[in-house]
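This report goes through a few local features of one chain. Please keep the sequence and the structure in view while reading.

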Amino acid sequence: MLSKQDIDDRILVQEHFAHEHLPQQMGSAEIEAYKDKIRRLLIEKDACLVAHYYTDDLIQQLADETGGCVADSLEMARFGSRHSASTLIVAGVRFMGETAKILNPEKRILMPTLEATCSLDIGCPADEFAAFCDQHPDHEVVVYANTSAAVKARADWVVTSSIALQVAEHLADQGKKIIWAPDKHLGEYIRKETGVDMLLWDGSCIVHEEFKAKGILDLKQVYPDAAVLVHPESPDAVVEIADAVGSTSQLIKSAQELPNETLIVATDRGIFYKMQQAAPGKRFLEAPTGGSGAACRSCAHCPWMAMNGLDNILSALENGTDEILVDEDLMVRARRPLQRMLDFSAS
Ligand code: 13P
Ligand code: SF4
């Protein structure tokens with residue numbers, strides 16, 4: 001027989017399904033008008049839209065329709081470097097725009113808003129990080145792409161979540177010790193998987209850190225055949241109950257390849273747009289984030305990714321606002337570990 005706690009949990013799970021996504025702020029005619037103007041300006045300005053999976057569906061759709069890309073942070077960097085457009089509109093968060101600029105200094109990089117940052121970037125100030133590295137000169141410095149250009153400039157390697165494991169294994173094979181920054185959860189996952197000797201910076205993603213193993217297990221009681229897909233920025237307890245752990249693009253691939261018809265997804269809900277395309281007919285459930293007293297059962301949406309909209313993409317294209325500019329010397333120093341990641345991923 002179910003305990004009162006179990007029944008309460010199930011009620012909360014049902015409430016979770018009733019949770020509606022925020023309604024579109026614009027009517028369909030207005031949306032079409034924006035899209036038409038953006039399409040025209042992308043051609044006129046020799047620009048290309050490079051979007052992350054966490055951005056609004058409308059942005060992802062437009063990037064696809066106009067020959068841009070929708071991708072994880074590694075592929076965004078690769079795509080921007082390969083594309084011939086002289087301007088890239090990077091819809092995502094600031095580190096993605098900076099990465100594009102560092103790799104393509106000759107291109108103009110615009111963002112819908114420069115205010116779109118990332119809690120990992122904020123939690124790793126360059127001066128404090130440099131002091132930390134200076135205390136451990138015998139360690140190889142590996143930083144996540146979700147960092148400022150100044151932090152990258154202090155690193156030996158930059159990695160994204162889709163290549164972090166391979167780079168760590170490569171360094172472990174060489175007997176290297178690693179300083180890992182800024183995401184402690186991703187670092188812990190890598191440490192467990194590779195056994196590499198790591199010193200972790202104490203940073204985290206405010207979105208992924210909120211996923212709760214208990215909430216996911218409660219949901220699995222309602223959907224016992226569901227598989228659990230987890231981004232490795234999530235806490236250890238959540239990673240441990242996952243059927244697949246990986247970067248955004250790796251999770252989309254798992255959604256496609258796993259036999260399960262129902263998938264509980266512990267990452268930003270923006271990913272559902274591409275997951276549904278990759279695995280049509282499957283049921284996708286947002287992993288719960290709230291504790292038992294919380295008003296919000298799933299808050300799985302990055303507030304900074306949500307700052308990207310059709311309106312500010314249009315304004316960036318029309319007015320050249322929110323351009324990414326990075327100090328020359330910093331660019332040269334940050335390019336080295338970034339290029340190393342791209343070369344490694346190509347090898
Ligand atoms: P990916 O590299 O997996 O796209 O992740 C970027 C990110 O910010 C996840 O929160
Ligand atoms: Fe940063 Fe987390 Fe947002 Fe990704 S989801 S951009 S890690 S705050």
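Does Lys274 count as buried or exposed? Lys274 counts as buried, at 14% relative accessibility. Here buried means under 20% relative accessible area, exposed over 50%, and partly exposed in between (1.4 Å probe, protein chains only).

This is a predicted model, in which local features need pLDDT of at least 70 and side-chain atom pairs count only at pLDDT 80 or more, while totals for chains, interfaces and linings use all residues. Residues are numbered from 1 along each chain as its sequence is written, chains are lettered from A and ligands numbered from 1 in the order in which they are written, and side-chain values use heavy atoms, with hydrogens and water left out.

**Salt bridges**

A salt bridge is a side-chain nitrogen of Lys or Arg within 4 Å of a carboxyl oxygen of Asp or Glu. The count by this rule is 20. The table shows some of them.

| Pair | Closest N to O |
|---|---|
| Asp64 and Lys274 | 2.5 Å |
| Lys214 and Asp218 | 3.0 Å |

Asp64 forms its salt bridge with Lys274. This pair links distant parts of the chain, with Asp64 in helix H3 (residues 57-65) and Lys274 in helix H14 (residues 272-278), 210 residues apart. Helices (H or I, at least four residues) and strands (E, at least two) are DSSP runs, numbered from the N terminus. Asp64 is partly exposed at 34%.

Lys214 and Asp218 both belong to helix H11 and are four residues apart, about one turn of the helix. Asp218 is buried at 11% relative accessibility, and Lys214 is partly exposed at 46%. Elsewhere, Lys35, Asp36, Arg39 and Glu65 are joined into one network by salt bridges that share partners.

In the remaining pair of the table, Arg82 is exposed, with a relative accessible area of 60%, and Glu75 is partly exposed, with 24%.

**Strand S5**

Strand S5 (residues 140-144) has five of its five residues buried. Glu140, Val142 and Tyr144 lie on one side, Val141 and Val143 on the other. Two strands pair if DSSP finds at least two bridges between them. S5 runs parallel to strand S7 (residues 178-181), joined by four bridges, and Val142 stands opposite Trp180 there. Three bridges join S5 to strand S6 (residues 157-159), also in parallel; in S6, Val159 is the bridge partner of Tyr144.
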